[in-house]
Each structure stands twice: as structure tokens, then as C-alpha cells.
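Thanks for asking me to look this one over.

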Amino acid sequence: AQHFLARAQAHQNLGAFVSIDEEATLAQARAADALIAQGKGGRLAGVPIAHKDIFVTRDFPTTASSKMLAGYRSPFDATVVTRLAEAGAVTLGKLNCDEFAMGSANENSAIAPVGFDAPAPVRNPWNTDRVPGGSSGGSAVAVAAGLAPAVTGTDTGGSIRQPASFCGITGIKPTYGRASRYGMIAFASSLDQAGPMGKSAEDCALLLSEMCGPDLDRDSTSLDVPAEDFTARLNDGIEGLRIGIPAEFFGEGLSADVRAAVDGALKEYEKLGARLVPISLPRTELSIPVYYILAPAEASSNLSRFDGVKFGHRAKNYTDLVDMYKKTRAEGFGDEVKRRIMIGAYVLSEGYYDAYYLQAQKIRRMIADDFQAAFQQCDVIAGPAAPTVAWQLGGKSDPLANYLADIFTLPASLAGLPGMSVPAGFGEAGMPVGLQLIGNYFKEGQLLNAAHRFQ
Ligand code: GLN
């Protein structure tokens, strides 16, 4: 823990951490040491990790990178945090992310990273003029720069897979409902999932095994599926594995450098005995409008709880209750969050609900059905995690340009399928490229096996 805290301090310029509390970390480390001495250390005994600042923690402040929650301290730990702690993990601190996990570049954080006195973008360690991806950008950077051996992230529409791709690390989002959402600050509840990010599929498998499992009393969408040891089948052979290649993931819009790296990875898979099968996911393009209707709709509802009464920020000067709500929310939320609340309120409003929200729900179902048709022909699906490598800081100031870059991660999110990003090589300017692997429901073990054999 001391080693990684020193590294985090030495690389503060990356902006990865939003809170560090050496005393709190070392207290956890001493407790882990005591358990190890009694032979009671869990599978992660003494392993230092760090959490995306979207998971509530008792020992560290929790902000979701929003001014709304600056200085907020939760009275309890998120289930994922508790489970990892029970396995012996020690928390190094909390990691920067886009405000309420809304973004693809980690440029939407409203909290000053450790060592800064104002909000600053998180920087990609491969080239500090480039973005790390988002929303789990701090998480990806912490692993890529060796500030933590492994971390947690969350993925609503790609926030684990895309930053993993941009930073050259491995990350997995499990089947929706596998990991408890209790204590994970809600963005779009029907999509939000927690997952690990690490240097390898093996490290991710270790963490994921501890993170998953039913939490039926606390998360109404938690699945009653027992936790699994995802390390058990890592070394199985993958001869005969049928890898589906969706034509729609390789069309125009995919940059040539990413395509070359992904093609190279697929050739490796053929050498390992896998078979490439052409498939189609015909509604891939629709996943963007569908997601950017449904996720803001759910966000507008979830974020109504930040009213200046129950949590965090409250405006100082106001005339009456409604004025207090208005000023609190105007001051507390950043631009992207406000944009999503407005879109969400609009698509849910009477007169527009049928045209937008209901239509989007129907297409979401069709997207899930398309995957089931594809899985008749293949075992896993492979393609790029993102259309390009990490772009320059400030390079995509138009929100729509950011939304469009989510095209390859959104389909699996809408279908609730497990997906991961595995380093596949390098593209333009020597920046990392991630290969995305998508599995059928509950096939995380198969994904991790395929990733491990490749690594
Ligand atoms: N980039 C997507 C968005 O901005 C996904 C974010 C996420 O997965 N949390 O909504």
C-alpha cells in the first residue's frame, strides 16, 4: 500500500485520484496484516486497490466527481466495496471519473484531483496530451500508470471497456445484475454495472469473482445467481471457439489504425485455434439514439434526489423552497449533467413519451434479440471497443461527437450482456487499441478464458 501511495503521489499530474487518505489506507492494511497473521486473510489479502468515486465508502469521501456531493461522506459502504474488503483488499483511495459517470473522456469531472486546487482533466499516461477515456478514466489511468494493481469501475454504456481500450489495460463489465448496484451512485439503473479493471484478464477474474453474487435484499435487480470462481477455467484451450465478427463493427467510421490492430488480434485468435464467423448486428447504429434517450431518461429520475435537502450541496441564498431547489441544482450540476436531465425530462414528458421513450424501449428489445440470433452461430463476439484511439484533450468539445464514439460499446450495454476490452496492439501515434469481446449472459468465464489465452 505504501509503495502505491508513493507512486500516486509522484504521478499526481495525471489527475487519477480525487481522494487519498494515507491513514485510512494504512489502518486497513494493518487490519489485513493481522488477519493474514492469523491465517484468515481472504483471496485478496492485503492487495491494494482503488475505487471509482461512484461507489460510496465510509473511509473516504464520495463525490461522483460532482460539486453536488463535494465533501459528502457515506454512512455505509457499497456492496462491491464490502465484498472486496471481505476478501482482504485494502483501499488506496477514490478515483476520478466523469460527473455522475456521464462522459467518454473524463473531461466532465467537477472535482479537483489530489494535488490540484481546481478541477483538471485526467491525463492518459501513454501521452499526457490525450484523454484517458471515460467515464472510468481515473480507474484506467491508475492501472496503466501503476498507481494501483487493480481497480473498480462502472459501465453504463462503455465506461469500463472504452477507457480500458484507451489506456491499454483489461476491463470487464459482467452480465447486468451480477454485481450489486447497492451503494453505486445511480446514473441509468437499468444499465449500470460494476466491474474490475486490471493489467490482465487473470487479475480481472480474481476481482470479479469476489465482486459478484446475489444481493437480493439491497438491489432489486440483483440476480439470484451464485458467485463463480472466474479463475477456474482461464487456461482452458480455445480450439474450436467460434468468434462472431459483426460486419457493422467494421464499417465506415472505424479508423484504419484501430482496424489494423483488431485484425491483427483476430489473426492471433485463428492461430490459437479459434474460428472466425461473420455475423450481423443490424441495429448497431440505432444503439446510439436508443441509449441517449433511455440513459438520460433514467438519469433525470435518479438525479431528482439531489435537491439540496437530502445530500450534499445546498445553495446559500434563496427565497423559498422551490428557489432553493433551483439554485442548488443550478450550482451543483455541471453542463453535461444538466443536458442529460433536460433530455431525459423531455423524452419522458406527456406527448413525447410514446415517440421517444417507448420507441427506444422497443428497439432496445430488438437489439437484445439480435444478439441472441448471433449467438446461435458463435460463442463470443469480437470487434473494436472504440472507433479510434484516445483523442487529444479538448479534442471533442461537441457533446454529439462524444456520443457517437460510444457506438461499439452501447449494443452490449443495452442488451445487458457481459463485455470486456483486452489490449490488442497500438494505433495512431503509438496509442493503445482495445479488442472488445462480448459474451452471452453469464459467460464471463468464457470471455476471461478467451482474453487470458490471447494475453
Ligand atoms: N459515454 C457514455 C455516456 O456518456 C457511457 C458512460 C458510462 O458508461 N457511464 O453516457
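1. A term to begin with: on a 1 Å grid over the protein atoms alone, a cavity is a set of points where a 1.4 Å probe fits but cannot get out, and lining residues have an atom within 4 Å of a point. A molecule sits in a cavity if more than half of its atoms lie within 2 Å of its grid points. With that in hand, the space taken by the ligand is the largest cavity.

2. A word on provenance: this is a predicted model, where local features need pLDDT of at least 70, side-chain atom pairs count only at pLDDT 80 or more, and totals for chains, interfaces and linings use all residues. Residues are numbered from 1 along each chain as its sequence is written, and side-chain values use heavy atoms, with hydrogens and water left out.

3. On confidence, the protein has a mean pLDDT (the predictor's confidence in each residue, from 0 to 100) of 97. A pLDDT of 70 or more is reached by 100% of the residues. For the complex, the predictor gives an ipTM of 0.98 and a pTM of 0.98.

4. Which residues are closest to the ligand? They are Ala 101, Gly 157, Ser 159, Tyr 291 and Arg 340, out of 15 that surround it (a heavy atom within 4 Å). By class, this shell has 5 nonpolar, 7 polar and 3 charged residues; here Ala, Val, Leu, Ile, Met, Phe, Trp, Tyr, Cys and Pro count as nonpolar, Asp, Glu, Lys and Arg as charged, and the others, Gly among them, as polar.

5. Do look at the polar contacts (pairs of N or O atoms within 3.5 Å). A nitrogen atom of the ligand lies 2.8 Å from a backbone N or O atom of Ala 101, and a ligand nitrogen is 2.9 Å from a polar side-chain atom of Asp 406. The side chain of Tyr 292 places an N or O atom 3.4 Å from a ligand oxygen. On its own the ligand has 290 Å² of accessible area (Shrake-Rupley method, 1.4 Å probe), and the protein covers 99% of that.

Note on methods: A polar contact is a pair of N or O atoms within 3.5 Å; within protein, one must be able to donate a hydrogen and the other to accept it, and residues adjacent in sequence count only if both atoms are side-chain atoms. On a 1 Å grid over the protein atoms alone, a cavity is a set of points where a 1.4 Å probe fits but cannot get out, and a pocket is an open set with protein on both sides within 12 Å along at least five of seven lines; lining residues have an atom within 4 Å of a point.
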